[in-house]
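Hello,

Here is the structure to be handed over. Please look through it before reading the notes below.

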Amino acid sequence: QQQAQKEIEALREVLNQYGYEYYVLDKPSVPDVEYDQKLQELRKLEEEFPELVTQDSPTQRVGGEPLEAFQKVEHKVPMLSLGNAFNEQDLRDFAKRAAQGTDEPVSFVCELKIDGLAISLTYENGKFILGSTRGDGSIGENITSNLRTIRSIPLTIKEKENLEVRGEAYMPHKSFLALNEAREEKEEEPFANPRNAAAGSLRQLDPKIAAKRNLDIFLYGVGEWNNSNLTSHSDRLEALSKLGFKTNPEWRKCETIEEVLEYVEYWTNERPHLSYEIDGIVVKVDNLDQQEELGYTAKSPRWAIAYKFPAEEAVTR
Ligand SMILES: Cc1c[n+]2nc(N)[nH]c2nc1OC(C)C
């Protein structure tokens with residue numbers, strides 16, 4: 001029993017590390033066959049000693065029975081929407097307002113705006129315990145069992161932190177095309193776009209279905225983070241990545257609005273080469289104190305804005 005406990009813990013740890021390298025870093029250190037073989041070993045040991053199974057075991061990704069309904073979840077920190085910018089002048093006006101609202105010079109962080117479903121992930125003592133949709137910003141749906149099936153969401157992170165992080169769950173282009181082909185073969189209605197496909201996959205009640213949809217995630221923000229003394233959004237993104245979260249690699253610190261406009265220009269051209277859908281660029285004031293100084297309107301932060309790409313005809317790549 002003791003021996004089995006040690007073996008199970010060792011297998012769980014090494015498989016979570018392999019999963020991190022494969023799904024978060026996209027840099028596996030072992031061939032898939034080694035991962036599968038160790039996972040099989042762990043399954044066998046857990047069958048023999050069911051009392052040793054833990055929620056953060058990689059064998060527990062895909063839950064049991066479909067839910068009857070989703071529970072409601074109240075967001076302690078509201079999940080706000082973003083004001084929009086449609087051209088260079090809108091962005092310059094945003095930067096000017098930000099500079100007027102604070103007395104120190106303002107620098108920004110630019111991020112790709114992933115066209116998916118906004119979600120929140122809560123970790124207690126470093127364990128994933130609750131995942132929910134944005135809903136109306138205050139009340140979302142508890143979709144923990146579906147989110148657990150997304151392999152790039154760590155079931156356990158590298159520190160025993162209590163935090164709530166936010167991001168976008170999305171369906172990569174490849175998965176979207178394959179899913180729609182399969183649906184058309186079964187004479188089912190294809191999804192109109194990857195965002196609907198991601199939302200549809202996460203808002204149905206059976207985790208076994210969600211598990212088959214090859215969803216992925218990028219985390220971009222923090223709801224609550226006890227005892228974190230970070231002072232900028234860029235530091236937070238780096239800290240989330242160190243904890244084992246998947247953040248989008250294309251974010252960039254921009255010291256001036258000129259650099260922001262360069263970034264927007266670059267990604268307007270590069271967008272078709274991404275393996276996932278984006279519908280804009282999010283520009284955020286980097287310094288957290290300046291964010292607080294700028295505050296919020298009724299529904300959006302004054303310290304962030306979403307530049308939206310001009311709508312293009314639906315290109316089914
Ligand atoms: C709604 C939203 C959406 N996005 N997307 C990214 N990349 N960052 C980001 N931040 C958001 O909101 C925060 C600025 C609060």
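Confidence. This is a predicted model. Its chain has a mean pLDDT of 96, and 98% of the residues reach 70 or more. The scores for the model are ipTM 0.97 and pTM 0.95. Where pLDDT is low, the predicted coordinates should not be read in detail.

Cysteines. How many disulfides does the structure hold? The number is zero. C110 is in no disulfide, and the nearest cysteine sulfur to it belongs to C254, 3.7 Å away. Seen from C254, the closest cysteine sulfur is that of C110; because the two sulfurs are 3.7 Å apart, they are too far from each other for a bond, the cut-off for a disulfide being within 2.5 Å. C110 is buried, at 0% relative accessible area. C254 is buried as well, with a relative accessible area of 0%.

Helix α8. This helix runs over residues 233–243. Which of its residues are buried? They are H233, S234, L237, A239, L240 and L243. An α-helix has 3.6 residues a turn, so residues three or four places apart point the same way. The cover over the buried residues of α8 includes the strands β3 (108–114), β7 (163–170), β8 (216–225), β9 (252–254) and β10 (278–285). Helix α10 (288–294) is also part of that cover. After α8 comes G244, with a positive phi, near 115 degrees.

Regards

How values were computed: Residues are numbered from 1 along each chain as its sequence is written. This is a predicted model: local features need pLDDT of at least 70, side-chain atom pairs count only at pLDDT 80 or more; totals for chains, interfaces and linings use all residues. Side-chain values use heavy atoms; hydrogens and water are left out. Buried means under 20% relative accessible area, exposed over 50%, partly exposed in between (1.4 Å probe, protein chains only). pLDDT is the predictor's confidence in each residue, from 0 to 100. Helices (H or I, at least four residues) and strands (E, at least two) are DSSP runs, numbered from the N terminus. Contact means heavy atoms within 4.5 Å.
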